[in-house]
Amino acid sequence: MALVRRCLCWDLRTATFANLVTIVILAGGALLLRLLDIGAFITEFEISQGFKTPWRSHEWQAFLASDVVVIFFHVVIILFTIYMIYMVTQKHFVLYMETLRTFTYSFIMYNFIEFCFSVFEFSFYGLNTFRLAFVVFIWLYWLARLIAGIIITIVLFSRLDEMENEMAYELRSSDRKYVHSYSALG
């Protein structure tokens, strides 16, 4: 049984497509913020209402490594999501069911990795996180993305369950032996 059957009055296939587009937009925004952060290290560029780069210069290697790793994962998830948008819109669900499962687990790992790096960075700022407008914006954007990621994961798992049920129905209709994943016969 699916976790949810509908999302914002959409069926799960449409909701999956909308969530994939949302992932591209949110990860693109996060990528832009990370690139701005790297730009502050490399050039004389300073972010208005953000911490001055020299303030964290004793930890510059950790922040730079953090930015590079998270940028890599942003780019990977954006490319994988664009591929999934193609699959969801152009292919029958049978052809992308396992790819969607792989994507869902990759998305969970992406959120976990970003959560860990964000906890590292915001623990460095400590109570100063809420002192400057840009850092507060980054924190709120990260929190909104984390909540959206949890909701998107629920919708993706629901779509996977729905696809498994449709597959089981199609196989039962074709007189072939099929045992559902949660069946006691498997």
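Is R145 buried or exposed? R145 counts as buried because its relative accessibility is 7%, where buried means under 20% relative accessible area, exposed over 50% and partly exposed in between (1.4 Å probe, protein chains only). This is a predicted model, in which local features need pLDDT of at least 70, side-chain atom pairs count only at pLDDT 80 or more, and totals for chains, interfaces and linings use all residues. Residues are numbered from 1 along each chain as its sequence is written, and side-chain values use heavy atoms, with hydrogens and water left out.

Select R145 within helix α4, helices being DSSP runs of H or I of at least four residues and strands runs of E of at least two, numbered from the N terminus. Leaving aside neighbours within four places in sequence, R145 is in contact (heavy atoms within 4.5 Å) with L26, A27, A30, H74, Y110 and E114.

Next, select I23, L26, A27, F107, Y110, N111, R145, A148, G149 and I152, which line the second largest cavity. A cavity is a set of points on a 1 Å grid over the protein atoms alone where a 1.4 Å probe fits but cannot get out, and lining residues have an atom within 4 Å of a point. This cavity holds about 70 Å³ of space, a volume being the space filled by probe spheres set on the points, which are joined across faces, edges and corners.

Colour by helix: α1 (12-42), α3 (93-125) and α4 (133-173) each supply at least two lining residues, and α4 gives the most, with four.

Terms used. On a 1 Å grid over the protein atoms alone, a cavity is a set of points where a 1.4 Å probe fits but cannot get out, and a pocket is an open set with protein on both sides within 12 Å along at least five of seven lines; lining residues have an atom within 4 Å of a point.
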